[in-house]
Amino acid sequence: MNTRFPIPAVLALLLLTSALSCKRDNDDNTPVDVQPALQVVAENLVSPLSIVEAPDGSRRMFIVDQAGKIWLLPPGGSVAATPFLDLSSRIVPLMPAYDERGLLSLAFHPNFSSNGKLYVFYTAPPRAGGPAPGASWDNLTRVSEFTVSPATANTVDLATERVVLEYDHPQFNHNGGTLAFGPDGFLYISIGDGGNKDDVGPGHGPDWYAANAGGNAQNLNSLLGKVLRIDVNGTPYNIPADNPYATASNARHEIYAFGFRNPYRFSFDMGGTRQLILGDAGQSLWEEVNVVTRGGNYGWNVREGRVCFNTDSDLLVRPTCPLQDSAGNLLQDPVLVLKNLAHPEGDGHTTVVVGGNVYRGSALPGLVGSYVFGAFSQGFTAPDGLLYVATPSGGTWNFSELRFRDRSTFGYFVKGFGQDLSGEVYVAVSSSLGLAGTTGKIVKIIP
């Protein structure tokens, strides 16, 4: 999710997420009537990243396991013995100690109940060539459509795959990887900036900001470091007419928003104004959560959080940086920032922010309208992630740690979130940093 160091050996992967931390601010602001517990609803998974309910009235839920499989969880039952979809043979080989590639997301078509279509984001083996002479691509970002036959509603035939979008990825990390249909019916896709620390290494081309030379997030001719928006009801897709660069000659038409480092998890609020809320992994000072709007520039690599980023020394802040990009777009501030573990002030607590969901369920009335999100962990070895709850507002959001009455610590690595159609929130967790073992679980936040 985040890289600060070179990658000479697998052990170095334990450090690759370095530099991302949540500060435990405003603990006394947690709603007093919210004292949740956790219920395990699925276990014996490898590295679960999310859980999604099918919009077909069946109340079936589907678990995305990074190792390459989607598992069916029937209502009130246990995980099915056979995968709903097995893409393990089509993803790039993964590193057990730590990896950011794999099967990363699932989204059901809004009309799934009638057309049987679903979409997945996974990292396929790289194509030939590379981002520079002598360098090879690391993997291939792929978004594919599959169709479920009514006769086999609990399994997906690999032969139904229709590739919707592909894009070469230069490094193993910063893949982004969330898919979600918005309230407008279009598919939104987050892709990271290409990987590596400080935007160094092959695959980081020039952009308009010379002080931090090289980077993809500010380059509108690249899909890296962006949130995309497409209409999947096309061949292979259509561009929505109101995309900000739908008719531009110098930008990719798929772009909805840009300036992201690693927009790993985002979601749409099921209520309110249905806003898109995204957690973006920082480098060495600040993690951030953004409310993403059409055409917005969210600052990377000009800014990290609310400060001026410095590629020459990522623990220092540049004294000044632009407030807008070369086209006059204001650089948007995050709605909240979380202090990174590597921050020189030394009181950060997290390795990476993990974007979550706005609670819209009925089981915990005191949590309704609050944004639940997480910290992957507080270090690089122990499963000691944190959950947070924020109060959305028109300006800076207050947030505090979400504590549980049935445990003194959360006790897992936080790998993702999910939400059922009733608005209840789930957390995808594991006791393993990477993809070793089967300690992965889905836990539900309950009264």
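**Chat notes: a sheet, a disulfide and the cores**

User: Which residue stands opposite Val354 in S21?

Analyst: Gly374 is the one facing Val354 there. Keep in mind that this is a predicted model.

User: Switching topic: how many disulfides does the structure hold?

Analyst: One. Cys308 and Cys321 form it, and their sulfur atoms sit 2.2 Å apart. The pair links distant parts of the chain, 13 residues apart: Cys308 belongs to strand S18 (residues 307–308), while Cys321 is in the loop between S18 and strand S19 (336–339).

User: Left-handed or right-handed?

Analyst: Left-handed, because the torsion about the S-S bond of Cys308 and Cys321 is about -70 degrees.

User: Is Cys308 buried or exposed?

Analyst: Buried, at a relative accessible area of 10%. Cys321 counts as buried too, with 16% relative accessibility.

User: Where does Thr311 lie?

Analyst: In the loop between S18 and S19. Thr311 has a relative accessible area of 18%, so Thr311 is buried, given that the cut-off is under 20%.

User: What does the side chain of Thr311 make a polar contact with?

Analyst: The side chain of Asn212, at 3.1 Å. Leaving out residues up to four places away in sequence, Thr311 touches Asp198, Ala211, Asn212, Ala213, Asn301 and Arg318.

User: OK, on to the nonpolar part. How many residues are in the largest core, and which touch the most other members?

Analyst: That core has 52 residues, and Leu187, Ile189, Leu387, Phe410, Val427 and Ile445 touch the most other members.

User: Which residues does Phe410 touch?

Analyst: Not counting residues up to four places away in sequence, Phe410 touches Leu38, Gly385, Leu387, Phe404, Val427 and Val429. Another core lies apart from that one, with 22 residues, including Val52, Ile70, Ile91 and Leu106.

User: What do nonpolar side chains tend to do in general?

Analyst: In soluble globular proteins they tend to be buried together.

Definitions and conventions
Residues numbered from 1 in each chain as written. Predicted model: local features only at pLDDT ≥ 70, side-chain atom pairs only at ≥ 80, totals over all residues. Heavy atoms only, no water. Disulfide = S-S within 2.5 Å. Helix = DSSP H or I, 4+ residues; strand = E, 2+ residues; numbered from the N terminus. Buried < 20%, exposed > 50% of the residue type's maximum accessible area, 1.4 Å probe, protein only. Core = buried A, V, L, I, M, F, W, Y, C linked by side-chain atoms within 4.5 Å. Contact = heavy atoms within 4.5 Å. Pairing = 2+ DSSP bridges. Polar contact = N/O pair within 3.5 Å; in protein donor to acceptor, adjacent residues only side chain to side chain.
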